[in-house]
Amino acid sequence: MSPRFRSVLDRVQAYKPGRRVTAPDGRSFKLSSNESPHPPLPSVLTAIGEAALQVNRYPDNACAELISAIARHHGVPEEHVAVGCGSVGVAQHLFEAVAEPGYEVVYAWRSFEAYPVLADLSGATSVRVPLLADERHDLEGMLAAITPATRMILVCNPNNPTGEVVRRAELESFLDRVPQDVLVVLDEAYREYLTDSDVPDGLQIYPTRPNVAVVRTFSKAYGLAGLRVGFLVAHPVIAEAIRKVYLPFSVNSLAQTAAIASLAAEGELLERVAGTVGERDRVITALRGQGWTIVPSQGNFVWLRLGERTLEFAALCEAAGVSVRPFAGEGARVSIGSPEENDAFLAVAASAAGVLERG
């Protein structure tokens, strides 16, 4: 006999991070995890080094300095801020605080693949509303999916993995019609890469909407994916609920220090973000020139809707030492890396275009 586990584990698929692959010639270009291609900023590395001298001590469980820095940076009250181990850690806290058996969580699909895992583990029922044909959220469909059992709605904006966005007028109209006792989470993990001025800033929306929470991360644009820092901004009743379920010491001292230092280096950060956005636009233009159908992306990645050819495309990329993120039967998400990494991907995409067309 073996130990008995929760029955939900029989059907839960563990989250699978992006893979790293290596071609026979030793080349390896990891474009499967939406990471920043840049190392931490020099000032951030210095701060991490100094903080490392104190890792024999527990971190500040209240994350007081970090929360204060986030609040100052974004112009919000400190009591509106809560933190977690990456944005997915914050999302887990939201599920722990809101979801339970007998209730429902609504989100678009396909969207961030951690949502169904977190929903299943919380005991809540996932209500997945298919994306529209142009890869955007079907907000009308999401509204129609709300029932008395609905506890939370997740809106990933820009959406991972498609890169499409929900714009101001449609989001405002949507929020106007969501019941006030349903929590709406605006997952803005890729906010810094936005160039579309018609995409609203959740931090400007939430102040007049007590049922809206905004989630962001230091993993992407700030280049701290390996340290895991995310945060939530919402009205105090929501932020306090997140603090109640916060796993003690889960945002470690190096992560707290690095995040504070990153906020202080915004000018350098924005230069890097601009470079990534420029590469994103270059990659999209090149792919369209090769004959691929590519929807606009406002993240640090692009999406190829490949259907049944998805795994074949991923295998062709892998053979060339380029890892992408395939979703079988749907499409592949490709992160924007350095110019060299992007050129390697574009080369294999050009070859794959011919192979898949012949197939």
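Me: Leaving aside neighbours within four places in sequence, which residues is Ala82 in contact with?

Reply: Ala82 is in contact with Gly230, Phe231, Leu232, Ala239, Ile242 and Arg243 once the neighbours within four places in sequence are set aside, where contact means heavy atoms within 4.5 Å. This is a predicted model, in which local features need pLDDT of at least 70 and side-chain atom pairs count only at pLDDT 80 or more, while totals for chains, interfaces and linings use all residues. Residues are numbered from 1 along each chain as its sequence is written, and side-chain values use heavy atoms, with hydrogens and water left out.

Me: Why does Ala82 count as buried?

Reply: Ala82 has a relative accessibility of 2%, and buried means under 20% relative accessible area (exposed is over 50%, partly exposed in between, with a 1.4 Å probe and protein chains only). The value of 2% therefore places Ala82 among buried residues.

Me: What makes the place of Ser323 a strand, E10?

Reply: Strand E10 covers residues 322-323, and strands are DSSP runs of E with at least two residues, just as helices are runs of H or I with at least four, both numbered from the N terminus. Ser323 is itself buried, because its relative accessible area is 3%.

Me: How do you know that the side chains of Ser323 and Ser32 make a polar contact?

Reply: The contact joining the side chains of Ser323 and Ser32 is 3.3 Å, and a polar contact is a pair of N or O atoms within 3.5 Å, one able to donate a hydrogen and the other to accept it within protein, with residues adjacent in sequence counted only if both atoms are side-chain atoms.

Me: Why are H1 and H9 called roughly antiparallel to each other?

Reply: Their axes come within 9 Å and cross at roughly 150°, where axes are lines fitted to C-alpha atoms, for helices over the stretch in contact, and angles run from 0 to 180 degrees between N-to-C directions. Angles over 145 degrees count as roughly antiparallel (under 35 is roughly parallel, 65 to 115 roughly perpendicular, the rest oblique), and H1 and H9 are therefore roughly antiparallel. The contact is made by Ser43, Val44, Ala47, Ile48, Ala51 and Ala52 of H1 and by Leu254, Thr257, Ala258, Ala261 and Ser262 of H9.

Me: What makes helix H9 mostly covered?

Reply: Nine of the 11 residues of H9 (residues 253-263) are buried, among them Leu254, Ala258 and Leu263. These buried residues pack against helix H1 (42-52), helix H2 (64-74) and helix H10 (266-289). At the start of H9, a side-chain oxygen of Asn252 reaches to within 2.9 Å of the backbone nitrogen of Leu254.
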